[in-house]
Amino acid sequence: MSEHLLSIVLFTPLAGMFVLLLLPSSNRKLIRVWANIAAFAGFLVSLPLVFRFDRSAEGFQMVEKAPWIPALGAHYYLGIDGISLLLVMLTTVTGFIAILSSWSAIDRYEKQYYAMFLLQQTGMIGVFLSLDFLLFYVFWEIVLVPMYFIIGVWGGPRKLYAAIKFFLYTLAGSVLMLLGILTLYFQHHAQYGVYTFEIDALMQTAMPLHLERWVFWAFFIGFAIKVPMFPFHTWLPDAHTEAPTAGSVILAAVLLKMGTYGFLRFSLPLLPKAAIDPWIVHVMVGLSIVAIIYGALVCLMQDDWKKLVAYSSVSHLGFCTLGIFSLTPNGLAGSVIQQINHGISTGMLFLIVGVVYERRHTRLIREYGGLAHVMPNYAFVFAFAMLSSAGLPLLNGFIGEFTILQGAFEANRVWAAFAVTGIILGASYLLWLYQRTMLGRINNPKNLKLPDLNLREWAVFAPLLVWALWIGVYPKPYFEILEKPVAQLVERVRPGYFEAQAAKAPLEAAQAMESRMEAGIR
Amino acid sequence: MNFLDAIWLIPLFPLFGAVLMFLIGRRLDPQPERSPEALEPELAEAMGEDAGQEHGHHPRFAPTRRLISWICPGTVLVSLLFSIGAVVQLAGLAEKAHQVILYTWLAGLPFHMGDGAVGRFAADLGFLLDPLSGVMILVVTFVGFFIHVYSIGYMGHETGYYRFFGYLNLFVFFMLTLVLANNYALLFVGWEGVGLCSYLLIGFYFHRKSASDAGIKAFVVNRIGDAAFILGIFMIFALTGTVRFLDVNQALHGLSAETAGFGVLSLTALLLFVGATGKSAQIPLYVWLPDAMEGPTPVSALIHAATMVTAGVYMVARSNALYSLAPETMAVVATIGALTAIFAASIAFAQNDIKRVLAYSTVSQLGYMFLAAGVGAYWVAIFHLFTHAFFKALLFLGSGSVIHAMGGEQDMRKMGGLKDKIPTTFWTMAVASLAIAGIPGFAGFFSKDEILWQAWSSPYGSKALWAVGTVTALMTAFYMWRLMYMTFWGECRADEHTKAHIHESPPVMTVPLTVLAAGSVLAGWLGVPKAWAFLPGSFHAFEHWLEPVWVAAAHEAGQGAHEAALEWALMGLSVLLAVAGILIARYLYVQRPELPDRIAEASGPLYPALLNKWYVDEIYNFLFVDGLAKGGGRVLGRFDQAIVDGGVNGAGWMTRFASAVSGWWDTWIVDGTVRLIAFAVKMISYPVRFLQTGFVQQYAAVILAGMAVALGYYLIK
Amino acid sequence: MLYPITTIHYVILSAALLLIGTVGFLTRRNIVIILMSIELILNAVNINLVAFSERFQAMEGQIFAIFVIAVAVAEAAVGLGILIALFRNRETVASDEIDLLKW
């Protein structure tokens, strides 16, 4: 039993889905209750992961391996390290919250809706657990389908456009990624005479730099579209805007993380030479910094509440990719923490739009104003989410951004100086949004009688509020969980990083630093 | 009881009060269904509701509201008692520093320091009590407590009472965290936290757009400074591998000052100072503070006069080890301080809103503090911070009492002749005004005079800095007494209705005024000029108390050369100027009240420029808000839609076009061939179709017939 | 007197049944009757199989007959099912009214 924990975590939502399909679609309440039970069970079975996880162990834990397609050398191969542990927990928690938040928002085809959601849960967990590249690819593609239907069937007015754009855009990226995977696969065969998709075997493959570069760019297209990095981000505002609330939450909280996870799990360890290649690093960091500033500035001109939050995702994910390609322990760890943070705070922001969307059926900012007068609890939760997103200390966002910026600063001072403007702009657009929707006087009679948060909505927000506070006040466990995998990554990409150099006298330190700084500025 | 190990509790008491307010505040202080200000007036009219309820009858409040009035000031009082206990015990220690570390907050991963050595990126949740933070916690809790008490009266008729006290307690928590933090990262927590509370409290009347605008402005402008501050923290990490104040000082100990030019240390110090210009409202980031007067007056007193805005000064003093190594940055600090002092004082000349005059006065006084810090006289900066906390808080609270009496009126042109009607407010404010003007015997005289003396005599100082400071002293005396004369002397210019309602504030407000007035006199006697050698040593206690905080270099710089005769002369000059300022104000606003308008007319563009604050807000708005942020946002938004997304949609369009072409080809050419063949087959098979009747039995009959024929053929053959 | 029943008798009976079945299949309009006619044809075959099994003392014929009966049952079930579905839609069981199976 216990040695199949990962499989249990992986397939619990799927089992829940099959049971759900057997229920009569006329009994809507039963379907809702069952979907919530299944999602909560998915969360409960993932809890032991946290307690069983050994923070001091190197490499992957709780590994399960069985042949899957022997002819191709593909395996059913699961395992977790600190990075995937955190992302799996994020998936199970936000998955449950998203399903709970759909209780009254979804009023047609409930059975199909919840079935899609549970299928998606399995797909996303599979992405984070797979250690076999083909298995990973299968789960990666499985995730697309439910999200396509969730946007396309239960979405807003332009749902078909958004759904097709989302599907085709990400599919196009995935196909190029598949080419990269196959290149690796055949290279490995050429060197070792074995066909295999296991990533720890593929890591042994030695490739010439130019080939690594090509494979890197192939992976890049697949992952960058998913993240999304500038300039591949335009599917995101459309998909977010048109998706139902829960869809947006999952999309922001988990789906985007598949891209950053891809960089961490595949691009860096499989292609260490390309990942440290100065040209590639500069392009990556450049795109990240552009995304941070650009996303934030574009937020300032949005009149659609959800679109604003969507563009803020572009900005936040820019921080995540900046952290990854700073290639420093703090940058990488901060990036993972920021991925969790983004899931929490942007998830909350989407849920917040969902609350008023359910009451007013519009997302236009100018339709609101003065809501704090009638919905004080809602205003409190919104303020909390806003501050967590804006990176206020003692809340989660700060820990991630601060650590990423430290990592970037270590790699290059100028990067940090540019990226730090993101926190100024971040505060601007969020506070402005808050002012336009929550503050001032009520000028629209339709807003006069809006009910405040009900008990179920509180239940949706409460875990996220607590989680945000926890990361902000006591982030130590997260750093401990991430220390080993991050160290492995850095050691893989930059061998010898951790070998302490002889400590110099402070004066020499200052001089050495000065010369390095000048080099950095040039 | 060991208060020293309990210092971590000092910030937690107010936090407890704040959390309590957020959790059960609404139960204790039930709010009206919808506050009368919630509706847009036209909408209220359309709905037939009475919109003009802002003043007049007060809603009835639940009796449990009294509990809030006990809990929230009570938590600050407990903090004050713990602070006193801790500081008293600190005085008994040989090593005047006590650290309490709770746990590692930012749990560090390794990183490469500037010189390539491997450091650990870690920061404690830890607290440090030394003479400097001791002074700060006493100021914060003492002034904070009396402002809490004052607020019971001032906010008594407002809705959102629980919210106000919750925010105020939260502020005290963050402020105490800021001053008690034992490292830069935790200091930054308090630093941002007080910014948040400032945002919340400035926007307390959130139905007013101007209030929420001012809140956003304060937060965002502060964030600009904070961004630089973060980079400064990283520089310290890269330089020393730690952010604990004591360890940083240790690491910097062996370095010699950067006299050769602008180097790493100077850059670090400068980045930290940019953070300080944001928080402490110095040029170029001072613009948020005057707007912050949108908040309730006790907030202006606590946050925007006595405590939060002085955080920058505290931080620079805290980093004295670093600043002493960066003379170029010291010069920048002193120059910015002096310029801000005189610039803000000039704007205060022409303001008519009583709180705005005080706001610019605060900016100007903060400039003094940075001037002192910039010339290396850190203890004087802290000393001025200390005295300023008393008299400026008192001035704000007094102005609040005036506004309270005038029914919400803030324009001094509509006041006048109030000195007999609200006597307690009048004499306490008079004490504070004498203090800020620098009349001997009052607290402001001692600290300001010491700043001017240090500006003259310190090795970092110069005659120019001294001159600017001295002119500012004249201007300060003038605009403060302009305020006093316009408010309390002459004819009352209010309308009849207001005039009838003018009344002295209740004791819950006047007692804090009196206490602070006492402080505005006595606080100065802890640091009398050195030339007053006839007084015993305890009159110089402030300087001695802070001595352990300064590194050797900083301490020496603060000493300066000592010439008693010169000091007496300079002192006499500044007192003379202060008295002259008061007399000019008296001449212009009491004896010849028509003169100021004529001067304004004769001054050409100068007066409008002063009135409009040198148009700095307009320039910033044009360049940064509308230009860079919103304009850039619009341009980039269009770019995003047209170019980036246009590229995606264009790719989609190209695909669709290509597919249309190939669709045509496929339909007419490829499929055409197929269909042609099909058509031919169809034509040939046309006659045969008639056999297909659809009746199963007919088919069976045909089959039978076929079988019969086959059988017959077989038999016949 | 009793004549022994020989194989030829069975064959004659079988041929008669086959003829009746065929004629019934071709001429009757009611689909139920048509299905019954099919059963007659199948049973004609069965009689033949059993008769020749007896004649040659080989068990295969009888086994095959049982097989045919099983298939016939299935076929009748499916046929009646289709018939009922058809009746629900068209309200008729007349074969000449069902001629959709043409070009």
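Student: Which residues in α3(B) are met by residues in α1(B)?

Tutor: This is a predicted model. From α1(B), the residues that take part are B:Leu9, B:Ile10, B:Phe13, B:Pro14, B:Phe16, B:Gly17, B:Leu20, B:Met21 and B:Leu28. In α3(B) they meet B:Arg65, B:Leu67, B:Ile68, B:Ile71, B:Cys72, B:Thr75, B:Val76, B:Val78, B:Ser79, B:Phe82 and B:Ser83.

Student: How do α1(B) and α3(B) run relative to each other, roughly parallel or roughly antiparallel?

Tutor: Helix α1 of chain B spans residues 9-28 and helix α3 of chain B spans residues 65-91; their axes lie 8 Å apart, at an angle of about 175°. Angles over 145 degrees count as roughly antiparallel. Therefore α1(B) is, relative to α3(B), roughly antiparallel.

Student: How many residues of the contact of α1(B) with α3(B) are nonpolar?

Tutor: The contact of α1(B) with α3(B) includes one charged residue and four polar ones. The nonpolar residues number 15.

Student: Which chains share the most contacts?

Tutor: Chain A and chain C do not touch, and their nearest C-alpha atoms are 25 Å apart. Chain C does contact chain B, with ten residues on each of the two sides. On the chain C side these are five nonpolar, two polar and three charged. Of the two pairs of chains in contact, the one sharing the most contacts is chains A and B.

Student: Which element of chain B gives the largest share of the side that touches chain A?

Tutor: The contact takes 63 residues from chain A and 61 residues from chain B. Elements of chain B that each supply at least two residues include β1 (98-106), α6 (184-202), α7 (209-240) and α27 (616-685). The side of chain B that touches chain A divides into 36 nonpolar, 14 polar and eleven charged residues. The largest share, 14 residues, comes from α7(B).

Student: Why is strand β2 of chain A largely enclosed by the rest of the structure?

Tutor: A residue counts as buried if 20 or more other C-beta atoms lie within 10 Å of its own. Strand β2 of chain A covers residues 74-80, and it is largely enclosed because the number of its seven residues that are buried is five.

Student: Which residue in the hairpin of β1(A) and β2(A) takes a positive phi?

Tutor: Strand β1 of chain A, residues 61-69, pairs with β2(A) in the antiparallel sense over six bridges. A:Ile69 stands opposite A:Ala74 in β2(A). The hairpin has four residues between the strands, and the residue with a positive phi, near 80°, is A:Gly73.

Key:
Residues are numbered from 1 along each chain as its sequence is written. Chains are lettered from A and ligands numbered from 1 in the order in which they are written. This is a predicted model: local features need pLDDT of at least 70, side-chain atom pairs count only at pLDDT 80 or more; totals for chains, interfaces and linings use all residues. Two residues are in contact if their C-beta atoms, placed from the backbone, lie within 7 Å. Ala, Val, Leu, Ile, Met, Phe, Trp, Tyr, Cys and Pro count as nonpolar, Asp, Glu, Lys and Arg as charged, and the others, Gly among them, as polar. A residue is buried if 20 or more other C-beta atoms lie within 10 Å of its own, exposed if 12 or fewer, and partly exposed in between; C-beta atoms are placed from the backbone. Two strands pair if DSSP finds at least two bridges between them. Axes are lines fitted to C-alpha atoms, for helices over the stretch in contact, and angles run from 0 to 180 degrees between N-to-C directions. Angles under 35 degrees count as roughly parallel, over 145 as roughly antiparallel, 65 to 115 as roughly perpendicular and the rest as oblique.
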